[in-house]
Amino acid sequence: MTAQLNPRGDVAVLVPAAGSGVRLGPGRPKALRLLAGEPLLVHAVRRLAEAPSVHSIVVAAPVAEVTAVGELLAPVAPVTVVPGGAERQSSVAAALAAVPAGPAIVLVHDAARALAPPALVESVAAAVRAGHDAVIPVLPVVDTIKEVDGDEMVLGTVDRAALRVVQTPQGFRREVLTAAHAAAADALTDDAGLVEKQGVPVHCVPGSEQALKVTRPFDLALAEHLLATGR
Ligand code: CTP
Ligand code: MG
């Protein structure tokens, strides 16, 4: 059944889904690869649509798959589908341009983080609503981190206490994200990086293990396990 989005919600979510998934190995574009029988993008959009603050969802699809993605998502939730770009940043910019009037908060969420829970969407949105211009979900770094030179010789050990692993959805006051994209000169893989360049303070909130990014085959296996065990 198609989920209803909240017409009084104040959040638009952009879902860059136009990547090819080179690191996952040969096959369809990553967002269309199956996780427990359904495309990653379907899992991602279903969870976004369950978040009560979400007013609209805009997906940036691979150019050749725009119609197919529209048909795939129609039974899941009402979404707008636009053609993505060559880089993630251009896919986000294309989706941002298609956000309808209304929502004051824009979240950017990778289709590849297919299991990010609705509660994470709400906590990021709530922090923007509370007054932060830019908000990212983060996890602590658990491994020891070394800095190395070009010959793989260790230069030193980095203090991991001050490091964070960054996830999506990342949340922004709408004008802040629009201004950052308008000013963007070089491509970055993360939207908070763009607003940082504008001098905007970025606030961290606790991330979620479930918001792991499916990048390599191991991640897909892990995501399958999380789904199968209801976590
Ligand atoms: N993405 C996009 N447009 C691009 C590149 C990436 O919309 N030109 C999206 C991907 O679809 C994904 C998210 O950005 O949902 C994060 O990118 P990543 O995990 O790197 O996915 P891919 O680029 O597809 O994977 P790879 O780098 O292994 O090819
Ligand atoms: Mg990529």
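Colleague: At what angle do helix 1 and helix 2 pack?
Modeller: In this predicted model, helix 1, residues 40–49, packs on helix 2, residues 66–73, at an angle of about 50°. Their axes are 10 Å apart.

Colleague: What does that make helix 1 relative to helix 2?
Modeller: That angle makes helix 1 oblique to helix 2.

Colleague: Is the crossing of helix 1 and helix 2 right-handed or left-handed?
Modeller: Helix 1 and helix 2 cross in a right-handed way.

Colleague: Which residues make the contact?
Modeller: From helix 1 there are Leu 41, Val 42 and Val 45. Helix 2 brings Val 69, Leu 72 and Leu 73.

Colleague: And by class, how many are nonpolar, polar or charged?
Modeller: The contact of helix 1 with helix 2 has six nonpolar residues, with no polar and no charged ones.

Colleague: Let's move to another pair. How do helix 3 and helix 5 pack?
Modeller: Helix 3 covers residues 88–97 and helix 5 covers residues 174–183. The angle between them is about 130°, and their axes are 11 Å apart. Helix 3 and helix 5 are therefore oblique to each other.

Colleague: Which hand does the crossing of helix 3 and helix 5 have, left or right?
Modeller: The crossing of helix 3 and helix 5 is left-handed.

Colleague: Which residues meet there?
Modeller: On the helix 3 side they are Gln 89, Val 92, Ala 93 and Leu 96. On the helix 5 side they are Leu 177, Thr 178 and His 181. By class, the contact of helix 3 with helix 5 has four nonpolar residues, three polar and no charged.

Colleague: Now the ligand. How many residues surround ligand 1?
Modeller: Ligand 1 is surrounded by 18 residues. The closest are Pro 16, Val 22, Lys 30, Ser 91 and Lys 213.

Colleague: Which backbone atoms sit by oxygen atoms of ligand 1?
Modeller: A polar backbone atom of Pro 16 is 2.8 Å from an oxygen atom of ligand 1. For a polar backbone atom of Ala 17, the distance to a ligand 1 oxygen is 3.2 Å. Ala 112 also has a polar backbone atom 3.3 Å from an oxygen of ligand 1.

Colleague: Back to the chain. Is the peptide bond from Thr 168 to Pro 169 cis or trans?
Modeller: The bond from Thr 168 to Pro 169 is cis, with omega near 5°.

Colleague: Where is Pro 169 found?
Modeller: Pro 169 is in the loop between strand 10 (164–166) and strand 11 (170–173).

Colleague: Last one: what is the phi of Ala 36, and where is that residue?
Modeller: Ala 36 has a positive phi of about 50°, although it is not a glycine. Ala 36 lies in the loop between strand 2 (34–35) and strand 3 (38–39).

Definitions and conventions: Residues are numbered from 1 along each chain as its sequence is written. Chains are lettered from A and ligands numbered from 1 in the order in which they are written. This is a predicted model: local features need pLDDT of at least 70, side-chain atom pairs count only at pLDDT 80 or more; totals for chains, interfaces and linings use all residues. Side-chain values use heavy atoms; hydrogens and water are left out. Axes are lines fitted to C-alpha atoms, for helices over the stretch in contact, and angles run from 0 to 180 degrees between N-to-C directions. Helices (H or I, at least four residues) and strands (E, at least two) are DSSP runs, numbered from the N terminus. Angles under 35 degrees count as roughly parallel, over 145 as roughly antiparallel, 65 to 115 as roughly perpendicular and the rest as oblique. A crossing is left-handed if the near helix is turned anticlockwise from the far one by less than a right angle, and right-handed if clockwise. Contact means heavy atoms within 4.5 Å. Ala, Val, Leu, Ile, Met, Phe, Trp, Tyr, Cys and Pro count as nonpolar, Asp, Glu, Lys and Arg as charged, and the others, Gly among them, as polar. A residue is near a molecule or strand if one of its heavy atoms lies within 4 Å of it. A polar contact is a pair of N or O atoms within 3.5 Å; within protein, one must be able to donate a hydrogen and the other to accept it, and residues adjacent in sequence count only if both atoms are side-chain atoms.
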